[in-house]
Amino acid sequence: MDATEEKKDGEIKKTRRQQFEERMQTRYPDMDLADEEAFYGRINDDYDDYENKVGELNKEMDSFSNLFTSDPRSARLMMDWRNGEDVAVALVRMYGKDIADACNDPERQEEMAKANQEYMEMAAKEKDYEEQYQKNIDASLDEMVTLQEEMGLTDDQLDQAMGWLMSICKDAMLGKFSRETVMMAIKAQSYDTALADATHEAEVRGRNQKVTETLRKPRRSDGLAALGGKNSSGQKHDLPDFGALNNVGAADIWERGGEKRRKHNI
């Protein structure tokens, strides 16, 4: 049985290790699980992120606890607000006439006006942000549908990609930028240039190969076999009979005349 698998009731059950690796691969699809340095570094970063979030949550819980302890009416106000109660009515119910007197106090009018102005500005920004978000998200969803159709992506593939992007955005909001994320951004910036260089290199390599193949092809000849070449038959042919002329060139004139050369002193 495979060490990474367990059998239960005749079915193969994934081990904790397999489940964890699949979880990491889903959350970080571009991470190489075989790279132990990157793998354990990612786990360490996740633990740091988890501990930071838990620490911030504990601080907020302590703040609420101190608030509710110092004034139990604040807890009741929060519960009424949560249940849909009108905040103004809930405030009057909790604090009585004091809250109305505070709002109408002439000495506090400037302070109240400033607070109301801040509220109006915040409400206007929230409304503007909401309108922009709704407009952008509709256009983005249409773009994702088009992308999915063009690339033939499944819903799971698109969801994983969007989940990964959302995790990056969440980290950015918390001021967290991992080495892996920054390296991916750098690679994305130079992707077009790298692709163009690779394409040009492939074209040049293809042209060079075509030239080499052309040079290796035999050239069109004039019909005559090259002497001593591989296309020559190498067979000897008999010369025609020219009679007495056959002996011309067979020996020098002294040999043909039966004479010997004589040395003359001049």
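A: Arg76 and Asp80 both belong to helix H3, where they are 4 residues apart, about one turn of the helix (helices are DSSP runs of H or I with at least four residues, numbered from the N terminus). This is a predicted model, in which local features need pLDDT of at least 70 and side-chain atom pairs count only at pLDDT 80 or more, while totals for chains, interfaces and linings use all residues. Residues are numbered from 1 along each chain as its sequence is written, and side-chain values use heavy atoms, with hydrogens and water left out.

The side chains of Arg76 and Asp80 meet in a salt bridge at 3.5 Å, N to O (a side-chain nitrogen of Lys or Arg within 4 Å of a carboxyl oxygen of Asp or Glu). Elsewhere, salt bridges that share partners join Arg27, Arg42, Asp46 and Glu180 into one network, and the structure holds 7 salt bridges.

Asp46 forms a salt bridge with Arg42, the closest N and O atoms being 3.5 Å apart, and because they are 4 residues apart in helix H2, about one helical turn separates them. An α-helix has 3.6 residues a turn, so residues three or four places apart point the same way. Asp46 is buried, with a relative accessible area of 16%, and Arg42 also counts as buried, at 5%.

At the start of H2, a side-chain oxygen of Asp35 comes within 3.3 Å of the backbone nitrogen of Glu37. Besides Arg42 and Asp46, the buried residues of H2 are Phe39, Ile43 and Asp49; the buried residues of this helix pack against helix H1 (16–27), helix H7 (155–173) and helix H8 (179–189).

Helix H3, which spans 72–82, and H2 each supply at least two residues of a nonpolar patch. The patch is formed on the surface by Phe64, Leu67, Met78, Trp81 and Val87, with about 440 Å² of accessible area together (patch residues have over 30% relative accessible area and no salt bridge; like charges are joined within 9 Å, nonpolar side chains of Val, Leu, Ile, Met, Phe, Trp or Tyr within 5 Å; areas come from the Shrake-Rupley method with a 1.4 Å probe). Leu67, one of these residues, has its place in helix H2 and counts as partly exposed because its relative accessibility is 38%.

For a further pair within one helix, Arg17 forms a salt bridge with Glu21, the closest N and O atoms being 3.2 Å apart, and because these residues are 4 residues apart in helix H1, about one helical turn separates them. Here Arg17 counts as exposed, at 59% relative accessibility, while Glu21 is partly exposed, with a relative accessible area of 26%.

How values were computed
Buried < 20%, exposed > 50% of the residue type's maximum accessible area, 1.4 Å probe, protein only. Contact = heavy atoms within 4.5 Å. Polar contact = N/O pair within 3.5 Å; in protein donor to acceptor, adjacent residues only side chain to side chain.
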